[in-house]
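Subject: Structure handover

Hi,

Here is the structure for your files. Please open it alongside these notes.

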Amino acid sequence: MAMINDSMVTALNEQVRREFQAAQNYLAMGVHLDGKSLEHLAAFFYRQADEEREHAMKLVRYLLDLGHQPTIPAIELPPGEFEGIKDIVQASLTQEQAVTRAIHELVDGALTAKDHATYQFLLWFVDEQVEEEASFGKLLDIIDMSENVLQVEHYVRHMGAEGEGGGEAEA
Ligand code: FEO
């Protein structure tokens with residue numbers, strides 16, 4: 001069994017918290033959008049929330065596989081009020097950029113500790129963050145180019161349909 005040091009276990013547990021926090025934040029955003037009858041944008045955020053939970057559970061599974069008992073953390077109350085969809089998508093991109101920095105720090109830690117198993121495990125997250133940042137960045141561009149929120153809904157609906165087929169929008 002691969003060995004990981006205590007500080008890496010702590011850092012991975014902290015990442016579990018970040019992923020669950022992201023899941024709750026996206027869920028709150030989805031519910032907010034759902035309440036505004038923007039069902040496709042809401043569905044997009046619900047999918048994001050599900051994915052973040054999967055990310056958290058991937059880390060939980062990794063810790064369990066190595067014989068460490070993960071901690072399921074308390075998380076902060078997600079935001080309840082938003083200015084509008086641009087505000088929501090910008091906040092999401094900012095959150096993803098913070099997660100990317102955290103993942104890169106974990107990778108640096110794994111390299112320094114010559115922890116090859118964790119390094120290899122984390123590469124999936126490195127790729128995933130590239131996709132997630134691209135997805136929100138693209139959505140921000142679409143919002144800037146759209147004349148109204150219904151055009152954004154139309155775009156996201158299209159994206160959701162593609163995602164169901166080939167995973168394209170599953171950023
Ligand atoms: Fe799992 Fe979007 O960070």
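First, a term: buried means under 20% relative accessible area, exposed over 50%, and partly exposed in between (1.4 Å probe, protein chains only). This is a predicted model, in which local features need pLDDT of at least 70 and side-chain atom pairs count only at pLDDT 80 or more, while totals for chains, interfaces and linings use all residues. Residues are numbered from 1 along each chain as its sequence is written, and side-chain values use heavy atoms, with hydrogens and water left out.

Overall fold

The protein has 5 helices and 0 strands. Helices (H or I, at least four residues) and strands (E, at least two) are DSSP runs, numbered from the N terminus. The order from the N terminus is α-α-α-α-α. The C-alpha trace spans about 55 × 30 × 25 Å along its principal axes. For 171 residues, a compact globule would have a radius of gyration near 16 Å; the protein has 17 Å, which agrees. That radius is taken over C-alpha atoms, and the globule rule is 2.2 Å times the number of residues to the power 0.38. Of the 171 residues, 43% count as buried. Contact means heavy atoms within 4.5 Å. Among contacts between residues at least 6 apart in sequence, 79% join residues at least 24 apart.

Salt bridges

The whole structure holds 4 salt bridges. The criterion is a side-chain nitrogen of Lys or Arg within 4 Å of a carboxyl oxygen of Asp or Glu. Glu 14, Arg 17 and Arg 18 form a network of them. Glu 14 pairs with Arg 17 at 2.8 Å, N to O. These two sit 3 residues apart in helix H1 (residues 6–35), so about one helical turn separates them. Glu 14 also pairs with Arg 18, at 3.9 Å, N to O. Here the spacing in H1 is 4 residues, again about one turn. Glu 14 is partly exposed at 30% relative accessibility, as are Arg 17 at 24% and Arg 18 at 26%.

Lys 86 bridges to Asp 144, with the closest N and O atoms 2.8 Å apart. Lys 86 lies in helix H3 (residues 85–112) and Asp 144 in helix H4 (residues 116–145), so the pair ties together parts that are 58 residues apart in sequence. Lys 86 is partly exposed, at 41%.

Nonpolar cores

A nonpolar core is a set of buried Ala, Val, Leu, Ile, Met, Phe, Trp, Tyr and Cys residues joined through side-chain atoms within 4.5 Å. The largest has 22 residues, of which Leu 33 and Phe 45 touch the most other members. H1, helix H2 (39–65), H3, H4 and H5 each supply at least two residues of this core. H2 gives the largest share, 5 residues. A second, separate core of 20 residues includes Tyr 62, Leu 66, Leu 106 and Val 107.

Local details

H3 has 28 residues and should span 40 Å at 1.5 Å a residue; its end C-alpha atoms are 41 Å apart, which agrees. The expected span is 1.5 Å times one less than the number of residues. Just after H3, Lys 114 takes a positive phi of about 55 degrees.

Ser 146 is in the loop between H4 and helix H5 (149–166). A polar atom of its side chain lies 2.6 Å from the backbone oxygen of Ile 142. Not counting residues up to four places away in sequence, Ser 146 touches Gln 151 and Val 152.

Best wishes

Conventions: Polar contact = N/O pair within 3.5 Å; in protein donor to acceptor, adjacent residues only side chain to side chain.
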